[in-house]
Amino acid sequence: MRILVTGTTGYIAKRLVLNLLEKDHRIICCVRDLNRIPDEIESKKGIEFIKVDFLDTQDVVFPEDIDVAYYLIHSMAATGDDFADMEKQCAQNFKSLVEKTACQQVIYLGGIVNDESLSKHLKSRLAVENTLKSDVYALTTFRAGIIVGSGSASFEIIRDIVEKLPVMVAPKWLNTRTQPLAIRDVLQFLERAAGTDEVMNQSFDICGPEIFTYKQMLYQFGEVRGLKRYILTLPVLTPRLSSYWLYFVTSTSFNLAKALVDSMKVEVIAKPSHINEMLNVQPMPYKEAVRLAFQKIEQNSVISSWKDAISSGVFHDQLADHIQVPNHGCFKDVRSKRVEDETYTLHKIWSIGGVNGWYRFNGLWRIRGYLDKIFGGVGLRRGRRHDTKLEAGDPLDFWRVLLADKKQKRLLLFAEMKLPGEAWLEFKIVEDTLFQRAVFRPKGLWGRVYWYMVLPFHALVFQGMINSLVHK
């Protein structure tokens, strides 16, 4: 079949595309930024890409010979009063484009909505589902709750909590019940629904075989990891305090923490159906899903992560718009060093950050990360998706990868930390010399004050870093 997929750089869609390609489908991927096409996908046969911003589709035309389309656009971290309107507009624009093609089925992944007091995000997902309904094509909707897999937001947040806190005083929403579902099972439902008549124009709740409270999920996660944990829940923590608790304990952004707390107050229990039998999917238990996730992590083969989503609020445009590092009106710290072993230096550059650290004065980097969290930034806890591989769009602690080209011997990062201005960090080898360049474009007086405040640390941090990159 010829299948169109939206949200290609997202957590679900990126994995789904790879699975569909293995089944010899021909795939059309919609991407907002052509510079963020994942390497794992771009190099595959049977795939093409269309640049689409679903908030502005005036000049976009879909190929007519589409059989099935997946609508997988959603951001838990989005903010603003117009969030729901934007999501609905994206869905309406997508629908208008698809209705002009030969597409017979649209498959949408939403959230379980069986409670009257829905969160803002679950209400928005339901509104999107209603918007996507059409007389031209059949709509198949899957509604899922907590998704468990390497790189998923829920998995990484639970991992942060369990592995960092032997004893925790937690909000009362940990007693809310839910039905976690493994990412592998989600992908099976999505794949097998394509072209299946029995699921046309229907919606199904999909879930794992067990019902747990969030507290029980934490305990069971600890059992898988061999960690004994003690949890006391308090009814006095307000939603805002709960959001701060989640934000400071885990690697999530504050916007995502607020959205999660809002959603976690509502029970997410699936309505019974025969979808498992229809598509021959037998969802795995929660503990097995956790074990499989850690196998991926240990093998350094995490395909996608919720952290890949650009949610800092810095990028309202595309990565390409930041690749040209400015020269005027900027402060710069430029250092160079003769390269002794180019292979070694490139490997060190491509391994920087995350568990590998920044090679010198990691304590100062951690302090900067803590300060960033205090002021509402992303901090250092995002780490990196892979220990030695980088591609455009990847998160790297509190940086975002703009360009990672080993042929050009160039790595360019853009700061997503809270700053009174914009910051770039570049590594580039020219002939036998490594050039390391930090560029800061200040915003107003505070931007200039900030630069001079951190200037004394540059001699330590940046000089130590370049020395470590060239000396074994």
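**Entry 1: the cores**

I started at Leu-190 and listed what it touches: leaving out residues up to four places away in sequence, its contacts are Ile-12, Leu-16, Tyr-70, Ile-107, Leu-109 and Phe-142. I note here that the model is a predicted one.

Next I looked up the largest nonpolar core, which has 36 residues. Leu-190 is among the members that touch the most other members, along with Val-5, Ile-12, Ile-27, Tyr-70, Leu-109 and Phe-142.

**Entry 2: helices α5 and α7**

I checked how α5 and α7 lie relative to each other. Their axes come within 10 Å and cross at roughly 75°. Angles of 65 to 115 degrees count as roughly perpendicular, so α5 is roughly perpendicular to α7.

I wrote down the residues that meet between these two helices. From α5 they are Phe-155, Ile-158, Arg-159, Ile-161, Val-162 and Glu-163. From α7 they are Met-217, Leu-218, Phe-221, Gly-222 and Arg-225.

**Entry 3: salt bridges**

I searched the whole structure for salt bridges and got 18. One of them joins the side chains of Arg-225 and Glu-163, with 2.7 Å from N to O. Why does this pair tie together parts that are apart in sequence? Arg-225 lies in helix α7 (residues 214-225) and Glu-163 in helix α5 (residues 153-164), so the bridge links parts 62 residues apart in sequence.

I looked up the exposure of both partners. Arg-225 has a relative accessible area of 33% and is partly exposed. Glu-163 is partly exposed as well, at 32%.

Helix α7 takes part in another bridge, between Lys-287 and Glu-223. The closest N and O atoms of this pair are 2.5 Å apart. Lys-287 lies in helix α11 (residues 286-298) and Glu-223 in α7, so this pair ties together parts 64 residues apart in sequence. Lys-287 is partly exposed, with a relative accessible area of 24%.

I then turned to Glu-416 and Arg-400, whose side chains form a salt bridge at 3.1 Å, N to O. Glu-416 sits in the loop between β17 (410-415) and β18 (421-430), while Arg-400 is in strand β16 (residues 399-405), so the pair joins parts 16 residues apart in sequence. Are these two residues buried or exposed? Glu-416 counts as buried, because its relative accessibility is 3% and the cut-off for buried is under 20%. Arg-400 is buried too, at 0%.

I noted one network as well: salt bridges with shared partners join Arg-2, Glu-48 and Asp-65.

**Entry 4: the sheet**

I traced an open sheet of six strands, in the order β14-β19-β18-β17-β16-β15, with antiparallel pairing. Which strands are at the edges? They are β14 (331-338) and β15 (395-396), each of which pairs on one side only.

Strand β14 runs antiparallel to β19 (residues 433-442), and eight bridges join the two. For Lys-332, I found the bridge partner in β19 to be Val-439.

Last, I looked for a helix against this sheet. Helix α13 (residues 342-350) packs on the sheet and touches β16, β17, β18 and β19. The direction of α13 makes about 160° with that of β18.

Key: Residues numbered from 1 in each chain as written. Predicted model: local features only at pLDDT ≥ 70, side-chain atom pairs only at ≥ 80, totals over all residues. Heavy atoms only, no water. Salt bridge = Lys/Arg side-chain N within 4 Å of Asp/Glu carboxyl O. Helix = DSSP H or I, 4+ residues; strand = E, 2+ residues; numbered from the N terminus. Buried < 20%, exposed > 50% of the residue type's maximum accessible area, 1.4 Å probe, protein only. Core = buried A, V, L, I, M, F, W, Y, C linked by side-chain atoms within 4.5 Å. Contact = heavy atoms within 4.5 Å. Pairing = 2+ DSSP bridges. Axes fitted to C-alpha atoms, helices over the stretch in contact; angles between N-to-C directions. Parallel < 35°, antiparallel > 145°, perpendicular 65-115°, else oblique.
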